[in-house]
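Thanks for coming, everyone. I have one structure to walk through today. Let me put it on the screen.

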Amino acid sequence: MGENNFGWAIQCLKDGRQMQRAGWNGKNMYIELQVPDYNSKMSLPFIFMKTADENKVPWLASQTDMLAMDWQEYQG
């Protein structure tokens, strides 16, 4: 497995990058890792998605997302 797989995308999230799949239909959608700070209501890191309509929501990877080879860094 090489670059553009899910493992690579996860590592990029840990490095502070925003990631997206080339196959996503919505424009300007990406995922990002949120690491809680002292003021956060969350106590563990989590991944959220910025949706096409500018909302931020918790995100869970589908099987298709995990097996996809079209991950790329979001270029906003």
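**Starting at Asn 5**

Asn 5 sits in the segment before helix H1 (6-14).

Before I go on, the ground rules. This is a predicted model: local features need pLDDT of at least 70, side-chain atom pairs count only at pLDDT 80 or more, and totals for chains, interfaces and linings use all residues. Residues are numbered from 1 along each chain as its sequence is written, and side-chain values use heavy atoms, with hydrogens and water left out.

Back to Asn 5. Is Asn 5 buried or exposed? Asn 5 is buried, because its relative accessible area is 10%. The cut-offs: buried means under 20% relative accessible area, exposed means over 50%, and partly exposed is in between, with a 1.4 Å probe and protein chains only.

What does the side chain of Asn 5 reach? The backbone nitrogen of Gly 7, at 3.1 Å. Not counting residues up to four places away in sequence, Asn 5 also touches Ala 68, Met 69 and Trp 71. Contact means heavy atoms within 4.5 Å.

Look at the backbone. Phi of Asn 4 is near 85°, a positive value in a residue other than glycine.

Most residues other than glycine have a negative phi. Glu 54 is another case to check: phi is positive, about 70°, and Glu 54 is not a glycine. Glu 54 belongs to the loop between strand S3 (46-50) and strand S4 (56-58). At a relative accessible area of 56%, Glu 54 is exposed.

**The whole protein**

Let me zoom out. How many helices and strands does the protein have? Two helices and five strands. Read from the N terminus, the order is α-β-β-β-β-α-β.

On overall dimensions, the C-alpha trace spans about 35 × 30 × 25 Å along its principal axes.

Buried residues are 29% of the 76. Of the contacts with a separation of 6 or more, 48% join residues 24 or more positions apart.

The accessible surface is about 5400 Å², and carbon and sulfur atoms own 51% of that surface. Areas come from the Shrake-Rupley method with a 1.4 Å probe; for residues, only the protein chains shown count as cover.

Charges next. There are 7 positive and 9 negative side chains, and the centres of the two sets lie 3 Å apart. Lys and Arg count as positive, Asp and Glu as negative; His and the chain ends are not counted. Each charge is placed at NZ of Lys, CZ of Arg, CG of Asp or CD of Glu.

Gln 20 is in strand S1. With a relative accessible area of 14%, Gln 20 is buried. Its side chain reaches the backbone oxygen of Met 29 at 2.8 Å. Setting aside neighbours within four places in sequence, the contacts of Gln 20 include Tyr 30, Asp 70, Trp 71 and Tyr 74.

Tyr 74 comes back in a moment. Asn 28 is in the loop between strand S1 (19-21) and strand S2 (30-34). Asn 28 is partly exposed, because its relative accessible area is 34%. Beyond four places in sequence, Asn 28 is in contact with Lys 50, Thr 51 and Tyr 74.

Which side chain makes a polar contact with the side chain of Asn 28? That of Tyr 74, at 3.4 Å. A polar contact is a pair of N or O atoms within 3.5 Å; within protein, one must be able to donate a hydrogen and the other to accept it, and residues adjacent in sequence count only if both atoms are side-chain atoms.

**Ile 10, for distances**

Last stop: Ile 10, in helix H1. Ile 10 counts as partly exposed, at 25% relative accessibility. From Ile 10 to Gln 20 is 10 residues along the chain, with the C-alpha atoms 11 Å apart. From Ile 10 to Asn 28 is 18 residues in sequence and 19 Å in space, C-alpha to C-alpha.

Terms used
Helix = DSSP H or I, 4+ residues; strand = E, 2+ residues; numbered from the N terminus.
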